[in-house]
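Thanks for coming. I will go through one structure today, part by part. Please have the sequence and the 3D view open.

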Amino acid sequence: MTAAPETPVSSGPVPLAPPRRLVDVTVDGEQIRVPEGSTLLDACEAKGVDVPTLCYGDTLTPRNACRICVVEVEGARTLAPACSRKAEEGMSVLTDSERVRHSRKLVLELLGSSVDLSTTPGVPEWNERYGAAPDRFGPRADPAPLGERDARHAGEHAPVDGAAAATVEQPAKDDNDLYVRDYGKCIMCYKCVDACGEQWQNTFAIGIAGRGFDARVSTEFDVGLPDSACVYCGNCIEVCPTGALSFATEFDMRREGTWDEERQTRTTTVCTYCGVGCNVTLHVQDGEIVKTSSPHDNPVTHGNLCIKGRFGYQHVQNAPGKRQARGGGETMV
Amino acid sequence: MRSDRRSPAYQRLTRPLVREDGELRPATWDEALDRAAEGFRGAVRRHGPDSFAMLSCARSTNEMNFMAQKFTRAVIGTNNVDSCNRTCHAPSVAGLAAAFGSGGGTSSYREVEETDLIVIWGGNPRNAHPIFFQHVLKGVHNGARLFVVDPRRTPTAEWADRWLGLNVGTDIPLAHAVGREIIRSGLVNETFIRRATTGFDEYCELVEPWTLSAAEAETGVPAGTIRELAHAFALAERAQMCWTLGITEHHNATDNVRSLINLSLLTGHVGRPGSGLQPLRGQNNVQGGGDMGAIPDRLTGFQDILDARTREPFERAWDTPIQPYKGKNLTQMFEGMDEGEVKALYVIGENPVQSEPETETTLRRLGRLDHMVVQDIFLTRTAEQADVVLPASAAWCESDGTFTNSERRVQLVRKAVEPPDGARDDIEILCALADRLGHAWKTPTAEEVWNEVRALSPIHRGMTYTRLEQEQGLQWPCYSEDRTEPTYLHRRLWSEDPQERGTPAPFGIVGHSPPVDLLDEEYPLRLTTGRRLDDYNTGVQTSGFSSPLRRGELLEMSPEDAAGFGLEDGDAVRVSSRRGSVVAPLSVSAGLRPGLVFMTFHFPDQVDTQLLTIDATDPVAGTAEYKAAAVRVEKVERAEEVEGAETGDRAPAA
């Protein structure tokens with residue numbers, strides 16, 4: 001030690017959040033104590049009970065859209081979504097009752113029959129756990145041509161014959177060099193809309209269009225991303241639970257069969273652009289950066305980045321020629 | 001409007017280069033390092049250590065910056081070390097240090113979410129600091145009012161309760177008028193002024209001429225809106241004053257910063273949770289580079305180089321005397337090249353040929369050096385001028401270390417990918433050169449370097465790598481391993497005990513000085529510069545990815561001026577200043593007021609905006625006036641004129 005430590009000029013209490021009371025709840029017959037304001041999902045996690053979630057996001061206000069996290073609250077008429085229901089003193093919760101299992105099974109079957117869940121983590125395991133059989137509604141209907149679902153209007157439907165299960169499947173929208181929107185995988189969880197809207201990015205490039213089964217995430221008037229208000233922050237990709245939104249790199253590698261998360265390392269460092277100091281997690285496969293994300297609990301970013309932080313890494317690798325967006329769908333090259 | 005003239009992405013350097021018969025040719029690492037060291041040794045032998053200058057890298061780690069300044073001070077024996085810090089926020093550091101004795105922003109991002117009033121002055125964080133702006137928007141959604149002061153109606157201004165569109169370079173009249181209105185309305189914080197400041201009476205005299213109507217005439221902002229800002233700022237329970245380069249890239253930038261600090265002193269909006277001053281830094285580690293001592297007047301930990309007591313521990317640790325006087329800052333280094341005082345230059349990761357104003361002057365000055373070594377990841381325009389080029393690794397993802405952000409948070413940088421074959425780590429290169437110059441530094445790990453920083457810098461002492469990992473970064477000051485300090489600075493100013501209160505903060509007695517480059521009939525338009533969302537600085541890094549938003553270089557002009565000049569969106573126009581001229585496509589933009597035009601400097605290989613800018617610099621901090629040039633705009637009729645249409649008024653150096 002070569003220099004005498006300087007005496008701190010100001011010493012005193014550091015302002016902290018006010019202390020929170022603790023509440024006692026019972027999860028599957030076992031008592032657990034959680035801070036006031038915790039959700040039932042927090043209580044289940046604290047007890048080590050696995051509750052499936054899809055539309056829940058740790059950086060977002062719950063939307064209660066998917067209903068897969070429902071639990072049975074003693075004395076309540078209906079099942080409660082664990083991700084948003086606050087724990088209350090004396091509450092007793094069942095996470096694996098017959099009602100809960102039946103409800104989760106149905107959610108998995110309805111989603112699985114109508115949406116491509118092939119890149120949604122956890123689904124095969126949950127299907128097995130709850131005995132869900134998404135194919136019991138019959139063979140899947142053919143994917144819609146590109147743009148067909150976007151052009152639908154409320155009340156203009158032909159009657160269906162029930163011979164095939166209706167789906168939201170359609171070709172991926174690949175209209176820019178940075179990311180791909182594959183809405184055949186979209187479960188309408190609203191997370192991308194909330195991340196783009198006032199919860200984080202405040203750009204409002206996307207919203208919900210249409211009603212009922214035609215409801216879909218859309219830019220204004222369904223214009224392509226380059227003509228929309230999108231600023232390519234990728235914060236929608238960060239929260240997408242199903243892979244409907246993905247980096248062009250990931251989309252291409254999955255198509256080529258080279259995407260392999262087990263071979264990827266994830267290293268969190270600090271962005272190289274402005275002085276805000278965003279933490280960036282680099283996903284590296286075979287020595288190449290293939291994707292970026294940001295830790296959701298980081299005090300600087302809360303999981304968000306801008307276009308430079310999200311996509312501006314390419315200068316460090318002498319990547320081959322630039323990718324060409326394929327336009328609308330897979331058939332167009 | 002979109003400009004299609006683009007440059008290809010830069011390719012990474014993987015082999016050292018040395019100059020032979022006027023051309024750069026590949027060389028082995030040993031040959032290149034020998035040549036680099038020999039050139040430095042020769043310059044020092046012939047002209048003394050002060051003929052050497054180091055441009056350290058605000059993009060690289062704290063550890064690299066510490067080693068670069070140690071190399072300069074301990075191996076060469078001079079304090080001539082600086083970085084592009086000088087071209088952006090040195091005035092913020094100088095202004096804050098003059099008022100509070102410490103050169104960092106005083107509050108934290110989190111406090112912006114929990115404040116009552118946010119003033120963003122001379123900045124467009126919606127585009128230039130997007131994630132900081134998310135904290136601002138949290139504050140706005142929580143009920144804070146937002147005032148934006150900027151000549152352009154930027155995407156940031158679009159979120160504001162009030163936009164104050166002032167004339168370029170009239171920040172001081174506006175700030176003084178706000179101050180006068182606060183005083184005249186009896187809204188000053190008398191307790192704070194009495195306890196914690198000096199020079200209040202002089203300040204009252206200073207601002208007295210700046211009535212609301214006088215300020216309206218000078219700034220172009222309606223008197224009622226100035227009054228509104230004054231009352232909102234003075235009456236807010238908590239208020240944040242944030243600024244970026246619209247304040248600092250002026251010839252009187254330190255004065256601009258002082259004029260904003262005055263408003264916080266007047267109202268007591270400093271040293272309390274939610275109240276403070278935040279300069280938003282423009283580069284990942286420009287705060288840290290200065291904190292590490294890669295500046296000519298401070299040692300590691302922002303310690304005054306003129307103070308023998310702060311030099312002593314460094315001299316003991318490095319077993320070498322440290323010069324007891326300030327070195328040359330970046331601006332003085334370049335002037336010193338003209339005067340033959342600087343003969344050898346070591347540039348680490350900087351691109352002054354394209355980032356300094358007046359490109360031709362910079363090239364001429366570099367041409368006068370005996371020896372220039374450039375260490376970079378790309379063959380930049382600056383590297384093309386070098387005698388030796390050393391291929392480096394990219395600090396942020398190919399090395400371990402730390403960066404320090406705008407809220408003084410030191411965060412771990414981790415190696416995620418291997419550098420390309422042939423490139424080497426910055427610290428390893430510095431150590432190899434030190435070794436050749438007689439200092440056997442066995443290459444330390446980043447953590448070992450950091451522990452040396454902690455031993456020498458009290459404000460970093462408590463930050464072990466383990467703690468930085470566990471706590472997702474720590475803000476300085478952090479004196480001890482077992483505690484954290486408040487997230488805001490200068491609480492001492494509020495203490496009732498004069499002993500603890502320490503040195504009071506002086507009001508800055510600063511006068512108005514309009515931009516140096518005057519408008520006249522020949523050059524009637526004010527050109528200001530800035531960043532876009534998806535591009536960055538000289539474009540070397542951002543050219544690597546394909547952005548759907550990228551529009552290339554454009555001249556943005558108000559609809560009124562475009563109509564007046566008979567110009568249309570997309571027309572090729574020649575933009576001329578007293579120093580040079582460029583051709584760019586015109587973009588008509590409603591965000592600009594009549595008389596104001598805007599360009600970036602992201603595409604220097606297509607349109608070199610720096611041919612137009614002026615190198616009038618701030619006398620305190622040495623930052624150039626990028627934000628205010630006088631230009632005229634003419635339509636280019638013939639297509640062939642568009643090709644290779646750049647001219648400077650001086651011949652480039654050979």
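Let me start with helix H6(A), whose buried residues pack against strand S6 (179-181), strand S9 (245-247) and strand S12 (288-293) of chain A. This is a predicted model, in which local features need pLDDT of at least 70, side-chain atom pairs count only at pLDDT 80 or more, and totals for chains, interfaces and linings use all residues. Residues are numbered from 1 along each chain as its sequence is written, while chains are lettered from A and ligands numbered from 1 in the order in which they are written.

A few terms. Helices (H or I, at least four residues) and strands (E, at least two) are DSSP runs, numbered from the N terminus. Two residues are in contact if their C-beta atoms, placed from the backbone, lie within 7 Å. A residue is buried if 20 or more other C-beta atoms lie within 10 Å of its own.

Which residues of H6(A) are buried? In this helix, residues 248-256, they are Thr249(A), Glu250(A) and Phe251(A). Gly257(A) follows H6(A) and has a positive phi, near 80°.

Next, the sheet in chain A. It is open and mixed, with five strands in the order S2-S1-S5-S3-S4; strands count as paired if DSSP finds at least two bridges between them. At the edges are S2 (30-35) and S4 (80-81) of chain A, each pairing on one side only. S1 (residues 22-27) and S5 (residues 92-94) of chain A run parallel and are joined by two bridges. Val27(A) stands opposite Val93(A) in S5(A).

Two helices lie across strands of chain A. Helix H1(A), residues 40-47, lies across S1, S2, S3 (70-73), S4 and S5, at about 120° to S2(A). Helix H2(A), residues 98-114, lies across S3 and S5, at about 160° to S3(A). For these angles, axes are lines fitted to C-alpha atoms, for helices over the stretch in contact, and the angles run from 0 to 180 degrees between N-to-C directions.

Now chain B. How many of its residues are in contact with chain A? The count is 65 residues of chain B against 54 residues of chain A. Several elements of chain B give two or more residues to this side, including helix H14 (286-291) and strand S17 (409-413). H6(B) gives the most, with six residues.

Finally, the domains of chain B, with bounds from an automatic or database domain assignment: domain 1 (17-83 + 284-475), domain 2 (90-280) and domain 3 (525-648). The centres of domain 1 and domain 2 of chain B, over C-alpha atoms, are 34 Å apart. Their contact takes seven residues from domain 1 and nine from domain 2 of chain B.

How values were computed:
Buried ≥ 20, exposed ≤ 12 C-beta atoms within 10 Å, placed from the backbone.
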